[in-house]
Every structure is written in C-alpha cells, then in structure tokens.
Amino acid sequence: MDNVCEEEVFSSLFKTNSKTVFNYIYYKFGNEEKAHDAVQEAFVKLWENCAKVSPDKARSYVYTVANNMYLNVIKAEKVRLKYADKSEKTTHESPDYVMEEKEFKDKLDRALDSLPENQRTTFLLNRIDGKKYAEIADLEGVSVKAIEKRMHLALKSLREQIDGI
Amino acid sequence: MKENYLAKWLNNELTEAELAEFEKTAEYATYKKILDVSADLEPPKFDIEKALDDLRNNRPEKEVKVIRLSPMKKVMRLAAAVAAIVAVAYFYINSLDITVTTQYAQQTEVILPDASEIILNAASEISYSEKRWDKDRNVKLEGEAFFKVAKGKRFTVATENGLVTVLGTQFNVENRKDFFEVTCYEGLVSVAYNGTETKLPAGTSFIVINGEIQHPETPNSSVPSWMNNESSFKSIPLAFVLDEFERQFNIEVETKNIDLDQLFTGTFSNTNVNLALQSISTPSHIKFNLEENKVLIYAENAP
C-alpha cells in the first residue's frame, strides 16, 4: 500500500492540495504570509506523522492542521483581499463597458471583504477553486446543508451590497 | 422559492420551472453578473514548486536521521543538558527574592509590584518575591519600615517576632532586638504574636519590649515620626532609644553608670546630632561627650 512517507506520494499530495490550503487560509484572513506559513506547518506536520496518516486521510489532515493553526487568531482583523492581476485579455469592448466592468469588480471586491469570514471562504473556495459543497463541508467540518446556507447568504448579501440596498 | 435556492442555482440543482421563475426576478441580473465576475477572480500567486522546496528544507530528514542517530544523540544530549542548566538557572534567578537593605543613617523607599510603598528606616532589610507577588503579597522585614499598602489581597509582613497582616492600609513595623512595635495609621492591622492575634484599628499601637507586651500608646501623627526625620518615644527604655540613635547617625554609643532601663519620653532629631544628644540627655539627666564617630554617655553626677 502507498505510504505518505514515500517521497512521491508526499510530493503528489503536496502538489494537489497545497494551493487550496493556501487559498483557504488566504480567504479567511486576507494575509498571504499566514497562508504561506499554514501550508508549511500543515505539510511539515503531515511529514512528521506520515506513518500514522493514510494517503486518503492526508487531505483532511492538512486542512485540519492549517485550520487549527489560526483558531485563536483574533478574528477582528479587517480583511482586505487582493487578487492577482489576470493577464489582460484583449477585448473588443467599448471603453464604457470596460469602465463599468471595472466598477462592478471593485464593488464586488469590497462586498467580499465585508462578508463574514466563513461565508467568504465558502464562496471563494467554490467560485475560484471550484470546490464542491461536499468538499468544503468536509474541509470546514460542517454539514453540506450548512455550506449551502453560507453560500446562499453570501450571494444574497453580495447582491444587496452591490445593488446598494 | 425553496430554501437556499441561490446555492442550488449555483450548483445547477434548480428545476427548469424554478430556474425560469428565478430568472424573472429583478435581482437575477446582478446575481448572474456576480457569478461571471467572481469566476475571473484570482487569489495571489502561489508557487507550488517553490513552496515544496521550502518544505523540503523545513521538514526533518527521515532517512538520514537513522544513520546519524548515534552522533546526533550525543549532540542532542549535550544540547539538552545545556538547555536544562540554562532553564534551571533562569528559573532560579527568577525565583530569587528581591532584597532591599539600608545601612546606618540611611532611608530608602521601595515600590512594590502592586504600587504599595515601603519606606525603610535605617539599618533595615526587606525582601519579597516579585514573581509570586500576584499570588502572595508577602514581605520579610528586619528592622523598621512604614507600609502604605494598596488595596487588594491579604498583605503579610513577616518578622522574627510576629506576623502582621492587612488588606490595605498604612502602618509602621519596628522589629529590633528585643523590641517589636506595630502602629496602625489607617485601616485595620492584625498582629499575630506568640500565637495570639491582636487587631489594631487606626491610631493604635502594639508594642513588645523584652518579651513583654506594653500598653499601647496612641500615635498623634499620620506617619511615623522617623519619616519626618525625628525619632519619637513614649515611655521606652533608654537602651532602645540609644540603639535608635546609633542607627540614625551611625555613631557608636558607649555608656557609663547609666540606668538603661529608665523610661524615656521625647523626640530627637535625626539630622542634627548635637540637638539629638541634647534631646536625649536633658530629660534623662545624663551627660554626653561627642567625639568623631563615638559618643560617651555618662551619669550627670559621675566624675
């Protein structure tokens, strides 16, 4: 049977999951440094316990470690997420349209920043990382129903903020 | 519409009818737009290869460890021993009591961690533990000191003669050879002496001379006289008065043909040695002869 202690198994686990761990912590706290630290911490722990953690449990193991690492971090920190610049697509759109798009995106950014941390994390994991509700539920340790609720509320308050209600 | 329909919609779980209904709502346009724009969001760049390299440097090397086990063990043992010594030394130094001492003819003020104040008279010493202070307000005293205790938990002054405990008050403790006096200036002080406890309300004293409890005299000031650079006595044997004189001026006292048990009532200056000697000698009908660091006190009618 495969063993996490084997370099190849470990590397492939890292390659498939490290970015999600990074994003997950980043969505939560809006802090890149914390997100990088969480990745290192989670996988060092996995390496140290590689004999005890089976490969199919490894994913939820690293999420749990990353999550626990910041359990006691003061939640009050104001989050300001920044998103990487997408390489500018050449558009044939009119300048007005581009302006409008930019404005909408700024509004969305601000609305995302002001969401409760669990709603923002759920929303972005689904929208950006394409994670299924069941996967997010597993990661957050709650039911699928709870994730649906978060998703619903997230969309609702994003819409309300953007439409200025 | 059904519960959490927005989440269902995102997940393509709405029926055609439900979807048609939703698309008719005024909000639909914005929801659709949120979906499109959020799909273009990107988190900060994360370099998986670099992170993996960092990790390889961070994580303990498993295979190598086995080979190096025994030399590593020696180093680890040494490191552990050094760490243990450092830790013990650290805790030892940390747990040492803080001690403040005054010499003859010296006074000093000590501020305790809870802002209680101690003013230390000449030739006295206090010690206390800063580390345990929060749990245990305990001061050891040799000599004499005036205490202004901040309100709080029980505050104890431990002396060889007895224990003085208070909650928050101002009081003076004098603990000299064969002489123990506690005077309360504010609040309430409890004195445990020889197994019995005495409560001292403000304005009362508790005095033990040569093992005998004296009838307390009422202090008529708000602070002990020594804090105003005077030493006051009421019916105190001359021997103790002269001891105090020695401590205040750092001058050795020699006596000749004098009754040291005679009681003295009065005050002497702690700053002017001639005035002080006069204050002591006149009411007691004795004479003195002051040399540099020494004074001879003798009976008036002696040769």
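Helices, as the word is used here, are DSSP runs of at least four residues, numbered from the N terminus. In this predicted model, that numbering places B:Asp53 and B:Arg56 in helix H4 (residues 48-58) of chain B, and because they are 3 residues apart there, about one helical turn separates them. Their side chains meet in a salt bridge, with a distance of 4.0 Å from N to O. B:Asp53 is partly exposed, with a relative accessible area of 42%, and B:Arg56 is likewise partly exposed, with a value of 29%.

**Salt bridges**

Over all chains, the structure holds 26 salt bridges, and the count between chain A and chain B is 5.

| Pair | N to O distance |
|---|---|
| A:Asp109 and A:Lys105 | 3.1 Å |
| B:Glu174 and B:Arg247 | 3.6 Å |
| B:Glu49 and A:Lys15 | 3.8 Å |
| B:Asp53 and B:Arg56 | 4.0 Å |

In chain A, salt bridges that share partners join A:Lys28, A:Glu117, A:Glu140 and A:Arg150 into one network.

**Helix H4 of chain A**

H4(A) has 19 residues and spans 27 Å from its first C-alpha to its last, which is close to the 27 Å expected at 1.5 Å a residue. Its buried residues are A:Phe104, A:Leu108, A:Asp109, A:Ala111, A:Leu112 and A:Asp113, and these pack against H5 and H7 of chain A together with helix H3 (28-39) of chain B. The buried part of this helix therefore has partners in both chains, a conclusion that rests on contact being defined as heavy atoms within 4.5 Å.

**The contact between the chains**

Chain A brings 49 residues to the contact and chain B brings 37 residues. The area buried between chain A and chain B is about 4200 Å², and carbon and sulfur atoms give 64% of that area. On the side of chain A, the residues that lose the most area to chain B are A:Trp47, A:Arg127 and A:Leu155, which together make up 15% of what that side buries.

Polar interactions also occur across this contact, with a count of 13 residue pairs in polar contact, both at pLDDT 80 or more. Helices H1 (7-29), H2 (32-48), H4 (95-113), H5 (117-127) and H7 (144-162) of chain A each supply at least two residues of the side of chain A that touches chain B. Of the elements on that side, H1(A) gives the most, with 11 residues. By residue class, the side of chain A that touches chain B divides into 23 nonpolar, 7 polar and 19 charged residues.

Definitions and conventions:
Residues numbered from 1 in each chain as written. Chains lettered and ligands numbered in written order. Predicted model: local features only at pLDDT ≥ 70, side-chain atom pairs only at ≥ 80, totals over all residues. Heavy atoms only, no water. Buried area = accessible area lost by both parts, 1.4 Å probe. Polar contact = N/O pair within 3.5 Å; in protein donor to acceptor, adjacent residues only side chain to side chain. Nonpolar A, V, L, I, M, F, W, Y, C, P; charged D, E, K, R; others polar. Expected span 1.5 Å × (residues − 1). Buried < 20%, exposed > 50% of the residue type's maximum accessible area, 1.4 Å probe, protein only.
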